Each structure stands twice: as C-alpha cells, then as structure tokens.
Amino acid sequence: MEGLSTVEGFFHLRERGTDVGTEVRAGVTTFMVMVYILAVNGIIIAQPLGLEPVAVAAGTALIAGVMTIAMGLYTNYPFALAAGLGLNAVVAFSLPALGMTPAQAMGVVVIEGVIITILVLAGLREAIMDAIPLALKRAIGVGIGLFILFIGFWDGGLITGAPSPQDPVDFIFPNSAGAYVFLIGLLITAALWTLKVRGALIISIAVTTVIAILLGVQQLPTQFAVTPNFSTLGLGLQDLGGIFRPEVGLLAAVLAIFTIMLSDFFDTMGTVTGVAAEAGLTNEDGSVPGVGRVLLVDGVAAAVGGAAGVSSNTTYIESAAGVADGGRTGLTSLVTGALFLLAIFLTPLVQIIPLQAAAPALVLVGYLMFTQIGEIDARDVSTGLPALLIMILMPLTFTITIGIGAGIVVWVVLKLIQQQWGEIHWLMWIVFIAFVLYFAQTWLNTII
C-alpha cells in the first residue's frame with residue numbers, strides 16, 4: 001500500500017482524476033497501438049541502408065523504451081516516443097540519394113536532434129515554429145502521409161517503376177501471391193481500425209504474416225536466436241564529419257538537416273498540443289503547461305535515435321489511444337516504456353514478417369496523417385497552391401526536401417506578388433534563400 005501511495009503522490013494521480021489501474025491499462029493500450037513500429041521501422045530502414053532488420057527492431061525497442069520512460073518521469077505526461085514514421089523514410093530514401101552513407105544519414109539525425117535541443121534550451125523553438133505558416137505545417141504532415149502511403153503500396157507490390165517516360169509509375173493488377181497477401185492485409189487492417197479494435201495494426205501485421213506463411217510467400221526462419229542484436233548502436237556517431245564532405249555538398253547537407261528538423265518540429269508540436277487537449281491537460285488558451293520539458297525530452301530523443309542507428313525518435317500521436325483509455329499522467333508512459341524494453345527479446349521475430357504484411361500498416365498510417373488536409377484552406381491560392389506542391393511532390397519525387405522547398409519558395413513568391421510583405425517572417429526569408437540555392441545547385445555547379 002505504501003508503494004502505491006508513493007506512486008500516486010509522485011504522478012499526482014488523484015489531482016488528474018485517475019488511478020494506478022487506469023494508468024496501467026492506458027499504458028498497455030498505447031503500447032499495443034505503437035508496437036507495429038518495431039516491424040515497420042526495421043523494414044523501412046534496413047533494406048535501403050543495408051542494415052539488419054532484427055538489429056534495427058531491437059534498437060528501435062530499446063530507444064523507444066528508454067525515452068518513453070524518461071518522458072513519463074520528467075514531464076508526468078502520458079506521451080510515448082518511438083522512431084518517427086516519415087522521418088525514417090527521409091533517412092532511408094532521401095539522404096542516401098544525396099550520396100550519404102548509412103552512418104552519415106544517421107549523423108544528420110544526431111545533428112538535427114542536438115540543434116533542436118539547443119533551440120529548446122534557448123527558448124527559440126516556438127519562435128521558429130511560428131515562422132512557418134500554419135497551412136504549410138499541415139501540408140507537410142499530409143505530404144509525409146502520402147509519401148508513407150506510396151511506400152506502402154510499393155512494398156505491397158501494387159506500384160512499381162515503369163521503363164517508359166510517359167508512364168514512370170505503373171500500377172500492377174495483383175498477379176502474385178505476395179500482392180494478394182498485401183490486399184488481404186489491407187482489408188484486415190482497415191476492418192480492425194474501422195471497428196476500433198485496440199492494437200489493430202499489430203494484430204493485422206501478425207495475422208497477415210500467418211497468411212503469408214500459409215501461402216508460401218514467407219518462410220519460417222531455420223534458426224531462431226533470442227539474444228538481442230544491437231549492432232546499429234553508435235552508427236550515427238561514426239562519421240559526423242563526413243556529412244559535410246564535398247561528395248555530399250555543404251548546402252545539401254545543411255538543407256537535409258534543416259528539413260528533418262522542420263519535420264520533427266511540426267510532428268511534435270501538433271502531437272503534444274492535440275493529445276494534451278484530448279486529455280484535458282491544456283490551459284484555457286490551448287497552451288500546454290510545462291511544454292518545455294516535453295520538447296526537451298523529444299529533442300534529446302531525436303539525437304539519441306540517430307546515434308543508435310534507428311532514426312529520429314519523436315512523440316507519437318498514438319499516445320492519444322492511451323489517453324482515450326483514461327491515461328492522464330507519466331505512469332502511462334512508464335508502463336508503455338517498460339513494455340517496449342520487454343519487446344527487445346521478441347525482435348528476432350521481425351525476420352519472419354514480409355513486406356506485404358507490414359505495408360498495409362503504412363497505408364493506414366499514411367491515411368491518418370492525410371486527414372489533416374481538412375484543416376487547409378485550399379481556396380486561397382497563396383496558401384493552397386504551395387500546400388498542394390508540398391503534398392504532391394513528396395511522393396512523386398520520393399524526396400520530402402523537394403516538396404517542402406517548392407512549397408515554401410512558391411509561398412514567398414506569391415506573398416510578394418500580393419504585396420503582403422508583412423506576412424513573411426524574417427526566418428522565412430532565410431529558408432526561402434536556402435531552398436532557392438538548393439534548387440539551383442546544378443546550375444551553380446556549372447558556373448563555379
């Protein structure tokens with residue numbers, strides 16, 4: 001009883017109208033809706049970067065567990081963290097396209113996490129956040145969602161690159177067992193989510209994996225080792241200086257760091273505000289008491305995730321599931337984090353999960369991020385057109401940087417045409433110039 005009393009006092013359970021049982025149940029709920037990241041992150045990052053999926057999954061579970069526990073103890077909020085979807089796509093696809101090695105790509109995440117942490121400590125993160133128009137912030141979230149959805153269909157085998165310039169992306173009618181497994185998985189995922197089944201994503205991945213095994217799409221491993229593989233730890237610290245070498249390009253490296261930092265900003269700020277509001281923990285003006293502590297843990301988590309070779313860790317919108325189940329304090333996060341640490345010993349199971357089983361989860365998560373589109377006023381061309389460019393160019397170019405850059409450049413130009421100078425924050429001028437230089441790289445290289 002004394003132990004329970006201590007827990008209640010530390011987390012202020014009575015003040016927030018909750019109890020230990022409710023918080024434990026909420027923590028389990030949050031874990032169930034987030035645990036899919038162990039499979040999905042391993043698949044997104046491992047193949048493009050040449051890493052072992054089991055090692056990525058183990059590192060993902062370790063960092064998610066440690067940082068989620070830190071969030072609960074330091075902030076007393078029911079927020080959970082893990083490798084960010086969208087951000088991991090940038091690391092896996094966009095950064096190698098710039099000529100970066102896996103270590104350099106993870107080093108970019110370390111640097112942006114350190115910068116975010118410094119900005120939080122200096123009180124500048126909110127100022128930078130305010131500089132970007134709200135419509136563009138929402139468009140970035142939608143664009144990343146479409147990018148993830150596109151990857152899901154690609155991994156599922158329904159979309160592939162075609163050799164014809166007139167038909168660069170080809171839709172394939174299901175013509176293999178793997179493609180049918182993906183469609184079955186997508187139906188299962190959508191049905192479970194529609195029925196509001198807790199743990200819908202992880203259940204759909206598990207069921208679809210069984211179907212893939214039964215249909216011969218995936219084979220059971222001949223050997224199974226329960227010893228966790230942490231070979232990715234330290235990857236992001238191996239070649240920080242190499243990020244700025246000539247083969248990558250200083251400007252490209254700086255913009256890559258900025259782009260990921262920008263995504264980290266918007267994902268976290270939106271999640272924290274939305275989940276805290278749902279939990280009834282915000283002030284009358286919508287602000288979150290003690291948000292600086294939350295942002296500090298989130299910034300450190302980004303750097304730690306990169307250093308561990310599992311991409312930036314960020315506060316998860318799925319934390320809302322635990323809140324909906326009654327979670328109101330950091331005890332919820334403590335339970336979720338502990339379950340992630342226990343999941344480390346299950347990560348070798350990731351090797352039996354085929355792409356077709358995890359891809360439906362990507363499609364659904366992409367849809368969930370896409371729902372932000374309803375908050376964008378597309379009728380105003382000065383914001384609607386830049387927002388559209390951000391959203392459509394991310395999946396079409398397979399590069400989040402291009403989408404964000406095109407949107408910001410066009411937004412500033414349209415504001416200048418409308419003579420609305422006052423709406424352009426001075427920080428936006430810096431961003432505008434940086435992206436203009438980025439798009440002009442090829443031309444500049446020919447004259448320098």
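Predicted model: local features only at pLDDT ≥ 70, side-chain atom pairs only at ≥ 80, totals over all residues.
Me: Aromatics to start. How many aromatic pairs are there by the rule?
Reply: The count comes to nine aromatic pairs. One of them joins phenylalanine 150 and tryptophan 154.

Me: What geometry do phenylalanine 150 and tryptophan 154 have?
Reply: That pair is tilted, with 6.1 Å centre to centre and 35° between the planes.

Me: Where do phenylalanine 150 and tryptophan 154 lie?
Reply: Both are in helix 8, residues 134–156. They are four residues apart, about one turn of the helix.

Me: Is phenylalanine 150 buried or exposed?
Reply: Phenylalanine 150 is buried, because its relative accessible area is 13% and the cut-off is under 20%. Tryptophan 154 has 38%, so it counts as partly exposed.

Me: What about phenylalanine 153 and phenylalanine 182?
Reply: They form an edge-to-face pair. The centres are 5.6 Å apart, with 70° between the planes.

Me: Which helices hold those two, phenylalanine 153 and phenylalanine 182?
Reply: Phenylalanine 153 is in helix 8, and phenylalanine 182 is in helix 9, residues 177–194. The pair therefore ties together parts 29 residues apart in sequence. Phenylalanine 182 has 0% relative accessibility, so it counts as buried.

Me: Which residues form one aromatic cluster?
Reply: Phe258, Phe435 and Phe439 do.

Me: Now charges over rings. Which ring does arginine 293 sit over?
Reply: The charged end of arginine 293 sits over tyrosine 74, 4.4 Å from the ring centre. Arginine 16 lies over the face of tyrosine 77, at 5.4 Å from the centre of that ring.

Me: Switching topic. Where is aspartate 264?
Reply: It lies in helix 11, residues 250–278.

Me: Why does aspartate 264 count as buried?
Reply: Because its relative accessibility is 0%.

Me: What does aspartate 264 touch, not counting residues up to four places away in sequence?
Reply: Aspartate 264 touches Leu87, Glu112, Ile116, Arg125, Ala302, Ser312 and Thr314, with that exclusion.

Me: And valine 35, where is its place?
Reply: Valine 35 is in the loop between helix 2 (20–34) and helix 3 (36–49). It counts as buried because its relative accessibility is 12%. Leaving aside neighbours within four places in sequence, valine 35 is in contact with Ile202 and Phe340.

Me: Last one, helix 17. How many of its residues are buried?
Reply: Helix 17 is mostly covered, with 13 of its 18 residues buried. It runs over residues 400–417 and reaches 26 Å from first C-alpha to last, close to the 26 Å expected.

Me: What comes just after helix 17?
Reply: Glutamine 419 takes a positive phi of about 60° there.

Terms used
Residues numbered from 1 in each chain as written. Heavy atoms only, no water. Expected span 1.5 Å × (residues − 1). Buried < 20%, exposed > 50% of the residue type's maximum accessible area, 1.4 Å probe, protein only. Contact = heavy atoms within 4.5 Å. Phe/Tyr/Trp six-rings, centres within 6.5 Å; stacked < 30°, edge-to-face > 60°. Lys NZ or Arg CZ within 6 Å of the ring centre and 35° of its normal.
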